[in-house]
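Good morning, colleagues. I would ask you to keep the display in view while I go through a few local features in turn.

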Amino acid sequence: MQAPQKDGPRANRDIRGVREVQLIDENGQNRGVVPFFDALNAAEEAGLDLVEIAPNATPPVCKILDLGRYKFLEQKKQAEARKKQKTVEVKEIKLRPGIDEHDYATKMKSIRRFFEEGDKVKITLRFRGREMAHQDIGYRLLNRIREETAEVAKVESEPQLEGRQMIMVLAPRPAS
């Protein structure tokens, strides 16, 4: 049975299978390549931990520091990175082929706001009753939206008919 894998860097006596390490002391000074046990003794004398920073280097790079504080700062860094991550959502705008000009302008304002927030927009054009006979009106409306948003968005999926609705997906252009 294998010992459970600890998360985070190896420290002190958990560092196994190395004779020499590249040592960086508690002041950030590079002490060069030293025997592993000398590095461990130096860390114990300083009242700190010997932490493996770059395990894949030859020899591995170890630093003398406070392991608890190091782990805390790493967690803080990861939390900050997660906070800055933006998840792209797909917002949906529903239209009808006979949409009035003012209603159209309001929908366009919403579409532009979604692009500014970095979200994709799925435009759904729903046909009812005899409107199915005039699909060309739907294509013209979706092409008008495509032209008006061309500078801020690109077409991710072309207009396509699915049952009684026509769907087109637009994605924001990356800021240049």
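I begin at the end of a helix: Gly47 follows H1 and has a positive phi, near 75°. Please bear in mind throughout that the model is predicted.

Let me now turn to the helix itself. H1 covers residues 36–46, and its buried residues are Phe36, Ala39, Leu40, Ala42 and Ala43. How are these buried residues arranged when one looks down the axis of H1? They fall within an arc of 160°, so they line one face of the helix. Against which strands do the buried residues of H1 pack? Their partners are E1, E2, E3 and E4. On the face turned away from the buried side, H1 carries the exposed residues Phe37 and Glu45.

Phe37, by contrast, has a relative accessible area of 53%; the threshold for exposed is over 50%, so Phe37 is exposed. The count of aromatic pairs comes to 1. That pair is formed by the rings of Phe36 and Phe37, whose centres are 5.2 Å apart and whose planes stand at 70°, so the pair is edge-to-face. The reasoning rests on the angle, since planes over 60 degrees apart count as edge-to-face.

I proceed to the strands. E1 and E2 are paired in the antiparallel sense, over 5 bridges. Within this pairing, Glu20 stands opposite Pro35 of E2. The two strands form a hairpin with 5 residues between them, and in the turn Gly28 has a positive phi of about 85°. E3, residues 49–54, and E4, residues 61–65, are likewise antiparallel, with 5 bridges. One of their bridges sets Glu52 against Cys62 in E4. A hairpin of 6 residues leads from E3 to E4. In which sense do E1 and E4 run, parallel or antiparallel? They run parallel, and 3 bridges join them. Here Gln22 is found opposite Val61 in E4.

Asp25 lies in the loop between E1, residues 20–24, and E2, residues 30–35. Is Asp25 buried or exposed? With a relative accessible area of 7%, which is under 20%, Asp25 is buried. What does the side chain of Asp25 reach at 2.8 Å? It reaches the backbone nitrogen of Gln29. The Asp25 side chain also makes a polar contact with the side chain of Arg31, at 3.5 Å. Leaving aside residues up to four places away in sequence, Asp25 touches Arg31, Lys63 and Ile64.

Gln85 is located between helix H2, residues 67–84, and strand E5, residues 90–95. Its relative accessible area is 61%, over the 50% threshold, so Gln85 is exposed.

Finally, I draw your attention to a contact between a charge and a ring. Arg144 lies over the face of Tyr104, at 3.9 Å from the ring centre.

Terms used. Residues are numbered from 1 along each chain as its sequence is written. This is a predicted model: local features need pLDDT of at least 70, side-chain atom pairs count only at pLDDT 80 or more; totals for chains, interfaces and linings use all residues. Side-chain values use heavy atoms; hydrogens and water are left out. Helices (H or I, at least four residues) and strands (E, at least two) are DSSP runs, numbered from the N terminus. Buried means under 20% relative accessible area, exposed over 50%, partly exposed in between (1.4 Å probe, protein chains only). A polar contact is a pair of N or O atoms within 3.5 Å; within protein, one must be able to donate a hydrogen and the other to accept it, and residues adjacent in sequence count only if both atoms are side-chain atoms. Contact means heavy atoms within 4.5 Å. Two strands pair if DSSP finds at least two bridges between them. Rings of Phe, Tyr and Trp (its six-membered ring) pair if their centres lie within 6.5 Å; planes under 30 degrees apart count as stacked, over 60 as edge-to-face and the rest as tilted. A charge sits over a ring if NZ of Lys or CZ of Arg is within 6 Å of the ring centre and within 35 degrees of the ring normal. The arc is that of the directions from the helix axis to the C-beta atoms.
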